[in-house]
Amino acid sequence: MLGFICFSLQYFCFYVFRRLMRAVALAVLAAVLALLAVGVLFFPPKCLAASGGGGGVALGVRGSLVGGGSSFIAPQMFVWSREFYRLSGGAAVVNYQSVGSGAGVAQLLERRLDFAASDVPLPRDRYAAVGGRVFQFPVAVGSIVVVYNVPEVAYGVTGRYLNLTAEVLALIYMGVVRQWCDVRIRELNPGLADRLPCRDIVAVHRSDGSGTTAAFTLFLSRAYPPWNNTVGWGLVVRWPVDAVGRGVGAKGNEGVAQAVLQNAYSIGYVEYAYWVKNRGKFDEVGGVAYVRNDNDGRFYFPTAESVSEAVSAGLERYLAKYGAPPGPGDDWNPVSMEFSNPPRGYPIVSFTYIILWRDYVAEGYGNAGVKAKILREFFRWVLTEGQRRLVDGYIALPREVAEVGLRAVEVVKP
């Protein structure tokens with residue numbers, strides 16, 4: 001009898017345990033199914049594929065594009081091109097040449113490129129000549145930083161970066177502020193004033209037609225009127241500092257960054273990515289400047305937050321004046337004007353614009369159908385998923401601005 005009772009107890013315990021485990025398993029299964037349902041709701045399969053999570057971009061064609069221009073956007077364009085090649089399964093090759101905004105626009109108009117990138121829109125004279133045949137639209141926002149090589153006040157030595165203003169920068173490139181110990185620089189940097197050396201400033205600038213130059217000199221023109229009255233702004237300007245023997249020209253953002261690193265007591269302007277790539281080297285010999293926004297009186301470091309603040313302020317000012325963003329076939333020069341020296345935030349910011357032909361057959365391109373197809377898909381991806389694949393220093397477009405480009409790429413022919 002005792003054996004029977006023990007057996008019964010064992011069976012009862014096993015039965016209860018089995019029912020309990022079954023209930024737990026059902027609960028776990030229900031939870032997993034619920035999570036999968038939420039995932040499908042918020043992350044549908046096509047989004048997962050577009051993000052590169054095992055999916056890709058179905059083109060239906062194979063081919064290549066050649067684009068070129070802005071060295072400002074080159075680090076980002078290289079990343080976009082590599083990622084799109086991967087997502088297309090190797091079907092689409094986008095070759096980008098960092099030749100400078102001026103050369104990029106010129107080569108597009110000569111039909112030597114399939115698309116161009118420029119840090120300023122088409123100049124008004126060129127827009128007037130081809131405005132009915134091209135689209136132009138922004139693809140990213142970036143900042144221009146002021147880098148310097150002054151070993152005595154290098155960040156690695158002092159733990160501080162210099163403060164500079166539009167006026168002082170303009171006077172350096174005008175050849176008026178000649179030495180680092182100039183009282184105007186000392187007054188902006190009281191904590192470093194005694195360390196600033198009385199050494200001649202070497203002013204490095206672009207030697208090629210450059211959208212970075214156009215954006216930098218536009219900032220100086222807007223923030224310091226005497227610069228606008230004497231030098232002005234553009235892809236190429238006549239640098240007064242060259243006439244006094246203290247100017248150095250270099251090609252591309254890459255060239256300016258290296259020229260500053262290699263020349264003690266120099267200063268230059270480059271797109272943010274070229275500084276951050278060499279930040280350790282710059283900190284050893286100098287650094288990057290805080291730049292004052294004269295509209296709100298604050299010194300700003302070129303962070304994502306301060307650049308985003310500038311973009312928001314510039315967009316607000318433009319919309320208050322014009323009501324809505326321009327279309328892809330419109331003149332975008334007023335946008336550059338309103339975004340330069342914005343009401344608040346880091347004051348030297350710029351869109352990078354893509355310039356495309358409206359109709360590649362009409363412009364005489366061979367294999368036009370394939371080119372147009374890849375152009376449409378590549379820039380559709382750049383303006384959507386690509387905005388989440390940004391190199392450090394670039395800022396995603398405001399939604400209403402990205403939509404301008406999306407409207408354009410939908411109707412690129414054939």
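**Ring cluster.** I looked up the ring pairs and found Phe78, Phe84, Tyr96, Phe115, Phe137, Phe378, Phe379 and Trp381 linked into a cluster. I count rings of Phe, Tyr and Trp (its six-membered ring) as a pair if their centres lie within 6.5 Å; planes under 30 degrees apart are stacked, over 60 edge-to-face, the rest tilted. The structure holds 25 aromatic pairs.

**Ground rules.** The model is predicted: local features need pLDDT of at least 70, side-chain atom pairs pLDDT 80 or more, while totals for chains, interfaces and linings use all residues. Residues are numbered from 1 along each chain as its sequence is written, and side-chain values use heavy atoms, without hydrogens and water.

**Tyr173.** I checked Tyr173 against Phe216: the centres are 5.8 Å apart and the planes at 70 degrees, so the pair is edge-to-face. Tyr173 sits in helix 7 (residues 166-173) and Phe216 in helix 9 (residues 211-223), 43 residues apart. Helices here are DSSP runs (H or I, at least four residues), as are strands (E, at least two), numbered from the N terminus. Both Tyr173 and Phe216 are buried (under 20% relative accessible area, 1.4 Å probe, protein chains only).

I then took Tyr173 with Trp239: this pair is tilted, at 5.2 Å centre to centre and 50 degrees between the planes. Trp239 lies in the loop between helix 10 (225-230) and helix 11 (240-243), so the pair ties together parts 66 residues apart in sequence. Both Tyr173 and Trp239 are buried.

**Helix 15.** I looked at the buried residues of helix 15; among them are Val307, Ala310 and Tyr318. Just after helix 15, Gly323 takes a positive phi of about 95 degrees.

Definitions and conventions:
Buried < 20%, exposed > 50% of the residue type's maximum accessible area, 1.4 Å probe, protein only.
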